Structure formats: C-alpha cells, structure tokens
Amino acid sequence: MTDNRPPFRLPTYKIDEEQAKTDEPIRSTSAAPSMGDMLAARVSRRATLRGGLGLAALTIFAGAGLAGCDDNNDNAGGDNAGDDIDSGASGGQSKLTFDSIPHSTADEVRLPDGYRYQTLLAWGTPILSSAAAFDPATNTAEDQAGQTGMHHDGMFLFSQSDDMNAGILAINHENITAAFLHPEGRAEDADGKPTDIAQVRKEMAAHGVSIVEISQDQNGVWRHGLDGRNRRITANTPITMSGPAAGSEYLVTPYSAQGTRTRGTLNNCGRGYTPWGTYLTCEENIQGYFATADPDPGMDKTRYGIGNGGSKFWDNVAGQAGDDAGRFARFDVTASGNGPNDDWRNESNTFGWVVEIDPNDPSSEPKKRTAMGRFRHEGAQPSPIVDGRPIAFYMGDDARGEYCYKFVTADAYIAGQPMPDMLDRGTLYAARFDDDGTGEWLALDVVANDKLAQAFDSQAHLLVNTRTAADIVGATPMDRPEWSAVDPSNGEIYYTLTNNSDRGAKGEEQVDAANPRVDNTYGHIIRQTEADADPAAVTFTWDIFVFGAPAAAGDDLNRSGLTAANDFGSPDGLWFDRRGVLWIQTDNGGNKVSQATNNQMLAVIPADLSDDRVIRAGNQASLKRFLVGPKGCEITGSELSADARTLFANVQHPSGTFPDGHTPARSTTLAIRRNDGKEIAI
C-alpha cells in the first residue's frame, strides 16, 4: 500500500554571514611521549581490576521532543493550545520566568509552580501491533523488539511539514537493568555469565533506538501511534558500514567478508541530526559488551577498554538452540582462528561509531559513518546550518583523559539537494586547549601528518584507532567530555566535562587551564568560539562557562558562586533550544550534591549574562533549577516542541516506583507544560 503522508523534514534557515560513567582506559600523561609509547597498547588499572560568533538566525531545528508512555497521569491535563504563541518562539532574547526549585530526594518529579508533566513511551510501551502489552514477567524478546527499549537517553523529534503538532520521535536506549528486565532473575553460571539464551535475546532487543510517530491533541496531550513509520533498531539489526573504514581489513568478520556490514547498535547515548532529515545515534560504552582472552589484543581493543572482564558475556550462550550465524559468539573477540574470516576478532571494530538512521523509511538500513571516528561517542551536534557552507559536527569522548572532536564535511551543504553520503567525506579533528585561552583543531589524517602516516597504514586503520591518533597529535586530555551544544545566537560550542576524580593524582593527568581543579568530582562546562565564526576553522578561543560544586564549598571549589538554588555536580546532558536557553542535565554519583538531591535539569540564557558571559558570584542567579527527577535516575535528553509549549526530557533508569507507583521502575519521557498554556521557561 502506498504511503502518501508527507515526509518529516527539517526546515532550512538562511544566515547572514556578517553576523562533550563507567571507567575507561586512561591515556599516557607524558608531555612528550615517544612514538613507541603512544602506540603501545594500554589497559588501565580500572580495566585490569574490573576486567561564528555573530551568526544571527536560529538554526537549531524548531520541532523537538521526546515523549514517553501512553499513560496520562494526574499531572497531565488540558492546556489552552489555541492561545497565540509568545514572541520568544521566534528566537528573541527573553528572561527565565520560573523560580528555581529546591533540592529533592523524593521518588517523584519536581517542577516549578505552574508546571505539570505527562509521561509518554515508557520502557515496554508497544509501538508495533505485533508486540504484547508491557509485562516483564511474560514479555519475550519478540515483544521487546516491538516495544520501546530501556534506559532512554538522547532523542530528537522530526516535525511533520504540514502539521506542527505531529512528528517522528527518535529515542536512544543506552543500556538495561537486568533485574527489571528479568523479574524472575537472570540465569547465570558461577562466573556470573548468562546461561539462558532467551534472556540474552531479550536484553539485546531492549538496546538500540525507537522511532515512533507521535501527535498532540487539542488539549495538549501527546500520544503515540502503532506501526506506520514506527520502528525498533536493536543489537541485531543489519547495519551498513560506510565511509573510509568500510571495506577495509579491519572490519572483516565472518558475517561480512567484505567488511561492509555488521549487526546492531549498542550503548546509544547522545544524539545528533542532519539538515537533510536523518537521525544520528552515538555508540558509547562498547567495552561493556565484548571480551577477549588474548594477552595482547592490540590497540583497537586495549585503548577502548576491551579485555577479559567487564562484558555482559552474551557469547556465553553461543551454540544453544536458537543461535545462528554467530549472533552470540561474536561478542568473544579473541583471535582464535587463522584470520578475521575465521573468528570474531574484528567484531568490536564495528562498534563505537556514529550511526545515521532515516526516520521516514522503516525499511532503510542504518549506516555507521566511519569518517566521524571510533570512540566513546556522547553526541554529534551540528554547527549552525548555512546554505553553501560545510557543516561541523562536535563530539565528546566520554572517559577520563579523553578528547573533544569535530568532523567537518568536505562538501558544502546545499539546501534542497539530496546528500545521502555527505558524512562519508570530510576531516576529523581533535582539540588542543592551550593555557592562554586559545586552541587548535588537530587533523587526524594520515596524508596531512607524517607521524600519523608512520603509525597507521591507511586512514581506515587510523579511524578504527581514533583515540591513539588523537594521542599522537597531542590533543588535550579532558575531564570526561560528554554532550556538546551549539548556541543558535552566535555559533559558540559548549561541552560538558562531567568529572575526573583522578585529575592531579600521581600518574594521572595534571591540572591545566582547561581542566584546572584537582580531583574534579563535580565537573564543569567549557565553551569554544571558532575563529571567524567558521565551523571549518582550525583555531579557536575558549573559556570555562561554569563549574559544578556544592553550595557550601569554599571559593577554590565553588568557583562559580553557586547557591542551594542552583548547585549541581557532574553535568552530562546539554542542549540549546532555538530561543537560546541552555539546558543542563546531571549524572551525579557519590558526591555531596548527589547526597543533597536527585539528578536535575537546570536552565540559563548565556546571552543574558553580562561582560564575558560566564557564571560567577554576582550573576549566578541567572542559572535556575527547573526539574529534579525521581530516585536513582539520570535526567537525559531534552527537546522543545514546535510551539515552544512542551519541553520533553527523559528519566533514565529510575530505581524506585516511577512513573506509575509500581515496580519495576521504568525509564520514560516527560512532556512538560505550563498550566497557563504559554511557552516553557520564558
């Protein structure tokens, strides 16, 4: 049957050109390492022990939204959706109009007075008619493959061209909580490895991405549909390898003798999007899925934390009834055969990439874009979209002592022209932050750099070992670069540096201007400004926008003068809405802020800050706490609806009884609205 519905697409904006969890291997801290040292395989003690400026038009997509489950709780109600949209929806500067809310350790969502929320698409919500209703005690892997997955993370809403109240929502599912997925208990052997193939299949189905059609009714309530363009991408979905590493010897496996295909996407954390209307999902903690018995498996594994422990050990059920074509054996990446056609040594090389998905076509095969590098991706945030110019995608590698990256397309973006493989051509850079507030983007290119040409036999070899390439060129080790965000008012780039308790310790990275605190438990947010406001520039300036800290700490720790109204720790999620509001989400763990409050979401408008527009005592009240989540959760992902009256945010892995008062708790999406029906926050 022909589908005559209009496609979902991003608008194009013209711009007046006048106007960055779990522990990970730590890189060498030597200021001038030898080539041999840089290329030596490194496994950290943790892995061993535990196995421009002036751009004056809004350019970020106006429609957005994550939404969660289909239950309409008592907090959801009819708003007056017919009122005129406030002028702020068109990008004008405004002040935040809500009062900062206090800390909370309650097992509920807290919002400012005058706001309420609806939950949508909670884990286990059927999005395909073939799936059974949510019941973790009886749901099978087949059911889970037709339901929303677990651990909601980054997301994006593609607005329908002829209806601002409808769209396609893409949601990442980063990981699982096995005890919730298997209420009967996970069947394991004495070594803690799974023994039930049906349970492993269900775990694999709970990972990946959900693509779901949603719409808003006249009362402002968001709902999802069944089937249509809905789709699940899981750990078993066939995927094309694309770009310079595709077809190379480093991606050859028994599944793909040509090295051009793989199965599945894993640990999908941050997200991105393209102006041609595709979704970018980013693979992060790949070391949690693979294991090898090789004593010296090589830098493509050791530099990524892949060893003989820390895996989910899905390979342990290989050979059981229901196994086929190495579906489970592939997670053992030991070099046990005569080459990559005989064993799964290269399987882990097909993970750790940015994956592009067409949300309009559920029959299309996702593509892993290898030109954008292989590391612990947190997101891929595009620069402002300018017709006729290249696009930069800003990315963080979430581990202590890792790097900030950008990928600049070789081709200029031309509105209205199909550009299906634009992400296969371009230059990948790693950032060096100099102590004087300047910096340089260092090209990771075997043709342009003699040291890289000595270290790698091809660009494909380099891309599979992106981290080692960044080591060699001398990029700056950062305090866990996570999400990136781009200010629509001026093109500046912000990265969350979540934390690094090892900073300054013996044998670890020492403090520098960009990472200035010893034992950086609370993290900070750093800001870049590209030279000449050009996303393709190779130099930039930088400053620190805000330091996380508990309010009661002294000035040396609480350098931004935070108070109980806005103190936070471990900034993680980061996003600018199109009006210039910066939303900050936290992933606390074991610090004094986490003892005082559950994870939270704060807001600030950088353009409203005076002088150099950094947060410090005197203007810190501009940063306001908007949301506090329930027990045990992270707050992840955020988007704004096309009319700016719904803010979507994810509650990931709650541990209590959220959202419905029952166990197991379920990751879900919040659709937050004002009781008076006006714009969110301003």
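Visitor: How many bridges join strand E9 to strand E10?

Guide: This is a predicted model, in which local features need pLDDT of at least 70, side-chain atom pairs count only at pLDDT 80 or more, and totals for chains, interfaces and linings use all residues. Residues are numbered from 1 along each chain as its sequence is written, and side-chain values use heavy atoms, with hydrogens and water left out. Strands (E, at least two residues) and helices (H or I, at least four) are DSSP runs numbered from the N terminus, and two strands pair if DSSP finds at least two bridges between them. Strand E9 (residues 268-273) and strand E10 (residues 279-283) run antiparallel, and the number of bridges joining them is 4.

Visitor: Which residue in E10 is the bridge partner of arginine 271?

Guide: Arginine 271 is paired across to E10. E9 is mostly covered, as 6 of its 6 residues are buried, where buried means under 20% relative accessible area, exposed over 50%, and partly exposed in between (1.4 Å probe, protein chains only). The partner in E10 is threonine 281.

Visitor: Which residue in the hairpin of E9 and E10 takes a positive phi?

Guide: This hairpin has 5 residues between its strands. The positive phi, near 90°, belongs to glycine 277.

Visitor: Why is strand E3 described as largely enclosed by the rest of the structure?

Guide: Strand E3 covers residues 163-173. It is joined to strand E2 (residues 152-160) by 7 bridges and to strand E4 (residues 208-216) by 8 bridges, antiparallel in each case. E3 is largely enclosed because the buried residues number 8 of 11.

Visitor: In E4, what is the bridge partner of isoleucine 168?

Guide: E3 and E4 run antiparallel. In E4, the partner of isoleucine 168 is glutamate 213.

Visitor: What is the angle between the planes of tryptophan 123 and phenylalanine 134?

Guide: Rings of Phe, Tyr and Trp (its six-membered ring) pair if their centres lie within 6.5 Å; planes under 30 degrees apart count as stacked, over 60 as edge-to-face and the rest as tilted. By this rule there are 22 aromatic pairs. Tryptophan 123 and phenylalanine 134 form an edge-to-face pair, 4.8 Å centre to centre, with an angle between the planes of 75°.

Visitor: Is tryptophan 123 buried or exposed?

Guide: Phenylalanine 134 counts as partly exposed, at 23% relative accessibility. Tryptophan 123 has a relative accessible area of 2%, and therefore it is buried.
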